[in-house]
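These are my notebook entries on what I looked up in this structure, written down in the order in which I went through it.

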Amino acid sequence: MTTNHLGLRTPTTDPINTVNGKDHRLQNAPSARGPLAPNSLDSGSDIMTKQEISSPVYGAGSGSSTATSTASRLDAIRAGQHHDAVIHPEVLQEEAVVSIRNFNLWYAATQALFNIDMTIPRGKVTALIGPSGCGKSTLLRCVNRMNDLIDTVRIEGDMDLNGESIFDVGVDVIELRKRMGMVFQKPNPFPMSIFENVVYPLRIDGERNRAVLDEVCERSLRGAAIWDEVKDRLHENGLSLSGGQQQRLCIARAIASEPEVLLLDEPCSALDPMATGKIEDLIQDLAGDYSILIVTHNMQQAGRISDYTAFMYLGHLIEYGPTPEIFTKPVLQETEAYVTGRFG
Ligand SMILES: Nc1ncnc2c1ncn2[C@@H]1O[C@H](COP(=O)(O)OP(=O)(O)O)[C@@H](O)[C@H]1O
Ligand SMILES: [Mg+2]
C-alpha cells in the first residue's frame, strides 16, 4: 500500500493493467456509460479503459439499465427505476471476505436497500459513503445480522462470510457475531473495568485462565494503540476514559476475539480532531490483519483511510472502486457531484 500526493492510499494493483478487456465479466457486460459522463474521462487512449470500467460488471438485472443511459441515474432512482451499479474491476480482483448478493431490505413496507451486489475485499479498508439516510448503517448492520433485532425488517438475498451464508436459516447468529467486531458512533464501554471490557468476549465464552485473559487484554489494547495510556490503570472503570480513549477501548474489545471482519459505523463522529486522528491511524494499522468496513459521512476521512469506496444513494449502490479513483476520476458524474460536495 502506498500513499499518493493527495494523501490517498493507493492499492498495489495497477489500475491500468487490471482493466484489460480480456476479463469475461467485462466482455459480456453492456456499456452503461451515458452521454452525461464527466468530460475529464474523455481524453485520448484512455477511452476504452473508461468505458470498460463504467460497465456494470455484475449485478442483478444487467442490461435493464437503458432507462438510465440518457438521464441522470439519480433522477431515475428517485423515480423508482432500477439501475446497475458501476463496479470498478479492481474490486473484483480482490479476494472477498464478505460477498453481498442481490440484497434487498424493507423496514415494514418501506424498502431501504435495493439489489445490493458487492464484495468486501479481505485485509483492506472499504468505506461506505453517501448522503444521510441512504442505507449505509442498514447495510453494515446486516453483515452481522444486527437487523434481526428490528421486528419490521424483512430481507431478500443473502450475504456470505468467507463463503458461508450469513442469512441461512441454520446459521447460529451468536456464533456469527463472534466472527465480527462492531464499533458504533458513540463509544459504548461497559460500566466495568478497562480489563473486563477488553476480555468481555472471552468471559462470555467461559474463559477463566488468567494468563490467557492477561495476554488477550494486552495484545488487544496494544492492537488498539491504547496500551501505554491505560496499562497502569486496567482496573479503573472504562467510563473514566476520555471519548477517544473509550472508542479505542471499544476497538480493543472488538478485536479481542480476533474477528474476521471489523464493522465501524462512523466511529469518529463523536470525537475531536485529535482523537479522530488517532482512530484513523489505528484503522490503517489494523488493515491487513483485519478486513474493515467503515461507514463515514466524512469524505476526507474516507479518502485518507480507505482502499476502496462505495457510494450509495437512496438505498442503491451507485459506484464502487479504488478510493483514489472514486475521489479523483469517478466514472459517473453523479459520484463526482457527491464527492465534490455539489449535493448531499
Ligand atoms: N429502525 C428503523 N425503522 C424504520 N426505518 C429505519 C430504521 N433505521 C433506518 N431506517 C430508515 O432506513 C433508511 C436508511 O437509514 P440508515 O441506514 O440509518 O442510513 P444512513 O446510515 O446512510 O444515514 C432511512 O430512510 C431511515 O429512515
Ligand atoms: Mg448511519
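I began with strand β7 (residues 153-161) and found that two bridges join it to β8, the two strands running antiparallel. For one of the pairings I noted that D160 has S165, in β8, as its bridge partner. I kept in mind that the model is a predicted one.

Next I looked up the sheet to which these strands belong, and I wrote down that four strands form an open sheet in the order β5-β4-β7-β8, with antiparallel pairing. The edge strands are β5 (110-121) and β8 (164-165), since each of them pairs on one side only. As a reminder to myself, strands of a sheet pair through backbone hydrogen bonds, either parallel or antiparallel.

I then turned to helix α6, which lies across β4 (96-107), β5 and β7 and runs at about 60 degrees to β5. Which helix gives the largest share of the shell around ligand 1? I found that it is α6 (residues 136-143), with three residues. The residues surrounding ligand 1 include Y107, A112, K136, S137, T138 and I150, and by class the shell has four nonpolar, six polar and one charged residues.

My last entry concerns V199, which lies in helix α8 (residues 194-204). Is V199 buried or exposed? I counted V199 as buried because 23 other C-beta atoms lie within 10 Å, and 20 or more are needed for that label. Leaving aside residues up to four places away in sequence, V199 touches L213, V216, C217 and A256. The C-alpha atoms of V199 and L213 are separated by 6.3 Å, although the two residues are 14 residues apart along the chain.

Methods
Residues are numbered from 1 along each chain as its sequence is written. Chains are lettered from A and ligands numbered from 1 in the order in which they are written. This is a predicted model: local features need pLDDT of at least 70, side-chain atom pairs count only at pLDDT 80 or more; totals for chains, interfaces and linings use all residues. A residue is near a molecule or strand if its C-beta atom, placed from the backbone, lies within 6 Å of it. Ala, Val, Leu, Ile, Met, Phe, Trp, Tyr, Cys and Pro count as nonpolar, Asp, Glu, Lys and Arg as charged, and the others, Gly among them, as polar. A residue is buried if 20 or more other C-beta atoms lie within 10 Å of its own, exposed if 12 or fewer, and partly exposed in between; C-beta atoms are placed from the backbone. Two residues are in contact if their C-beta atoms, placed from the backbone, lie within 7 Å. Two strands pair if DSSP finds at least two bridges between them. Axes are lines fitted to C-alpha atoms, for helices over the stretch in contact, and angles run from 0 to 180 degrees between N-to-C directions.
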